[in-house]
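I opened the model to look up a few things about its layout. My entries follow.

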Amino acid sequence: MRCIARDENILGLVCVTTNLVNEARELHSTYPTATAGLGRALTGGLLMGALLYKGQRIALKFEGNGPLKKIIVEAEGDGTVKGYVVNPEVDLPPKNGKLDVAAAVGNEGFLTVMKDLRLKEPYMGVVKLYSGEIAEDLAFYLAESEQVPSAVGLGVFVEPDWNVSAAGGFLIQSLPPANEEIIDDMVRRIEKMPPVTELLRNGKTPEDLMQQIFGKIPYQILAKKPVSFRCSCSRERIEQALISLGTEEIDSIIAEKRDIDVSCHFCCKKYVFGKVELERLLKEIQ
Ligand code: ZN
């Protein structure tokens with residue numbers, strides 16, 4: 001859901017991603033801490049993607065010194081997102097009653113943001129990881145690299161049976177000229193707010209969340225739309241990747257008389273190539 005407080009130049013985005021994060025958990029067989037890390041990153045990606053125009057794309061890479069190694073997320077302006085974590089089998093002891101995503105990501109490393117704005121060159125921004133909690137890292141990136149003061153909140157609640165019962169987040173941006181007083185007031189309110197997942201588990205809607213964030217500031221709902229996990233991989237794209245291995249590599253696979261399995265990182269879909277197809281690819285190269 002997208003809102004704007006016109007008089008104060010504040011943009012607000014809220015999203016609920018419970019089903020989407022569950023889908024990602026099932027696709028990638030993630031353990032609880034990895035589920036929370038990937039879920040927060042997917043939700044953050046969607047919110048960042050909502051700042052783009054249709055046809056534009058954004059990719060986020062969280063690369064820290066923790067056991068998750070890397071989280072990669074790609075989102076588009078149309079409300080779709082995909083992502084994966086290099087090591088999905090991460091389950092750490094909780095910290096202060098919450099899943100310890102910061103320890104899983106690591107406290108040292110980088111957040112890389114790449115945007116395909118349909119210009120000649122993609123835009124790329126790199127910042128150090130702020131805390132490894134994902135939301136704070138995105139807020140730090142937006143303030144530091146894009147000079148837009150922003151508040152980001154992300155949450156994923158994983159049940160003892162590993163199912164995700166609530167996931168969602170918000171992104172609030174102050175556009176120039178900023179009204180410092182209003183922003184301070186808003187930040188105080190956000191800091192006092194219960195976690196997003198607690199609100200969602202208590203049956204709160206995106207409208208309720210927006211109301212909590214904006215308080216008495218008048219705002220207008222601009223749009224509401226569905227979000228989904230979507231991968232754009234296809235047999236043709238995987239073929240291109242195989243072709244890029246070169247003739248020698250493909251020749252040796254054929255010589256070993258084995259089929260080759262190629263899995264998509266983002267959705268885990270498996271593509272199998274047998275001898276006949278590999279020979280056809282070889283011909284295409286030649
Ligand atoms: Zn895929």
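Into which domains is the protein divided? I find domain 1 (2–229) and domain 2 (235–285), with bounds from an automatic or database domain assignment. I note that this is a predicted model, where local features need pLDDT of at least 70, side-chain atom pairs count only at pLDDT 80 or more, and totals for chains, interfaces and linings use all residues. Residues are numbered from 1 along each chain as its sequence is written, and side-chain values use heavy atoms, with hydrogens and water left out.

I looked up the domain pair next. Their centres, taken over C-alpha atoms, are 36 Å apart. The contact (heavy atoms within 4.5 Å) takes 8 residues from domain 1 and 4 residues from domain 2. About 550 Å² is buried between domain 1 and domain 2, and carbon and sulfur atoms give 69% of that; buried area is the accessible area (1.4 Å probe) that two parts lose on being put together, summed over both. L27, K82 and Y84 supply 64% of what domain 1 buries against domain 2, more than any other three residues.

Then I checked helix α1 (residues 18–28). Helices here are DSSP runs (H or I, at least four residues), as are strands (E, at least two), numbered from the N terminus. Its buried residues (under 20% relative accessible area, 1.4 Å probe, protein chains only) are T18, L20, V21, N22, A24, R25 and H28. They pack against β2 (10–16), α2 (32–49), β5 (80–85), β8 (150–158), β9 (164–174) and β11 (228–229). Just after α1, S29 has a positive phi of about 50 degrees.

Last, I noted that M186, R189 and I190 in α5 meet Q212, I213 and F214 in α7.

Methods. Buried < 20%, exposed > 50% of the residue type's maximum accessible area, 1.4 Å probe, protein only.
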